[in-house]
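Here's a quick tour for anyone meeting this structure for the first time. Have a look at it, then read on.

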Amino acid sequence: MENFTPWTSLAGGALLGLSAALLMLFSGKIAGISGVIAGVLTPQKNESSWRAAFIVGMILSLLIVMPFGFSLPDISGENILLVSLAGVMVGFGTRLGNGCTSGHGIIGLGRISKRSIYATATFMLSAIVVVFIRSFFGAI
Amino acid sequence: MSKLKFIRIIVGFISGALFGAGMIISGMVDPNKVIGFLNISGNWDPSLMFVMGGAITVFAPIYHLVIKKRSTAINGDQFAYSNNTKVDGNLIWGAIIFGAGWGLAGFCPGPALASMGGGTNIIFAFILSMLVGIVFANQYLAGRFPLPFVGYREQCDL
């Protein structure tokens with residue numbers, strides 16, 4: 001439990017919720033990141049520019065939080081093959097299941113959507129099982 | 001540019017910046033922290049529960065008390081959420097595959113985008129592979145790409 005960061009996690013989470021609420025209240029859109037990315041790949045009229053702006057905002061967000069002393073962790077030691085395999089699975093799975101941790105886990109659960117409750121429970125369980133298997137083989 | 005389109009773009013940008021900031025501040029961008037949360041049999045780190053809890057605590061009241069009572073968004077656009085309640089194979093299999101990928105590397109789409117400012121090749125490898133996965137899924141859903149064991153998707157259930 002030595003890495004436990006309840007306050008920054010709660011504050012960061014509140015920002016995620018605020019962002020999702022603003023986007024939906026002002027322009028009716030869903031701040032589901034897998035959906036935002038996938039939508040740019042298959043553009044529809046009036047649905048591309050806001051997604052592009054959202055992605056630019058996300059990429060620039062580091063510049064906003066850096067003056068407050070937040071930084072990105074060093075991830076250069078990760079295994080690039082494993083990360084790439086995971087990337088394909090995350091891309092494929094989020095499209096097939098129509099959402100990820102943000103779309104299902106925050107907005108869907110917040111709306112008490114039946115599909116999102118099932119999806120969130122499923123991907124959490126699946127991820128926990130994979131991490132358990134990896135730790136069983138000493139990979140973690 | 002029409003006012004409606006301007007609101008769409010500016011709100012998109014502000015929400016994106018807030019979302020990315022939330023991902024960095026909350027610690028979701030650290031794959032070790034994500035794995036620490038998923039590793040319930042090891043040295044469990046419950047932080048991510050606070051991320052989700054904080055997000056839903058802010059979003060849910062605004063949704064149920066304000067958004068749900070409106071017929072359109074403030075700029076006049078329709079709300080994009082669906083009221084579909086059908087739990088089907090695609091939803092469950094998609095969630096299983098996504099969860100497995102998440103557990104494998106500790107990255108999901110939001111934190112990956114928020115980490116792009118860091119500029120490591122690991123993040124770019126993840127994002128590029130993710131785009132490939134999305135294209136595969138779109139092709140599969142359109143019945144143009146076979147999966148192992150499953151084959152081509154049948155078109156009749158669309």
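What percentage of the 158 residues of chain B count as buried? The answer is 46%, where buried takes 20 or more other C-beta atoms within 10 Å of a residue's own, with C-beta atoms placed from the backbone. Keep in mind that this is a predicted model: local features need pLDDT of at least 70 and side-chain atom pairs count only at pLDDT 80 or more, while totals for chains, interfaces and linings use all residues. Residues are numbered from 1 along each chain as its sequence is written, and chains are lettered from A and ligands numbered from 1 in the order in which they are written.

**Chain B: fold and shape**
- Chain B has 6 helices and 0 strands, counted as DSSP runs (helices: H or I, at least four residues; strands: E, at least two) numbered from the N terminus.
- Chain B is more spread out than a compact globule, because its radius of gyration is 19 Å, well over the 15 Å that the globule rule gives for 158 residues.
- That radius is taken over C-alpha atoms, and the rule is 2.2 Å times the number of residues to the power 0.38.
- The C-alpha trace of chain B spans about 45 × 45 × 30 Å along its principal axes.

**Where chains A and B meet**
- Chain A brings 100 residues to the contact and chain B brings 104, with C-beta atoms, placed from the backbone, within 7 Å counting as contact.
- On the chain A side, α1(A) gives the most, with 21 residues.
- That side of chain A has 63 nonpolar, 30 polar and 7 charged residues.
- Here Ala, Val, Leu, Ile, Met, Phe, Trp, Tyr, Cys and Pro are nonpolar, Asp, Glu, Lys and Arg are charged, and the others, Gly among them, are polar.

Note on methods:
Buried ≥ 20, exposed ≤ 12 C-beta atoms within 10 Å, placed from the backbone. Contact = placed C-beta atoms within 7 Å.
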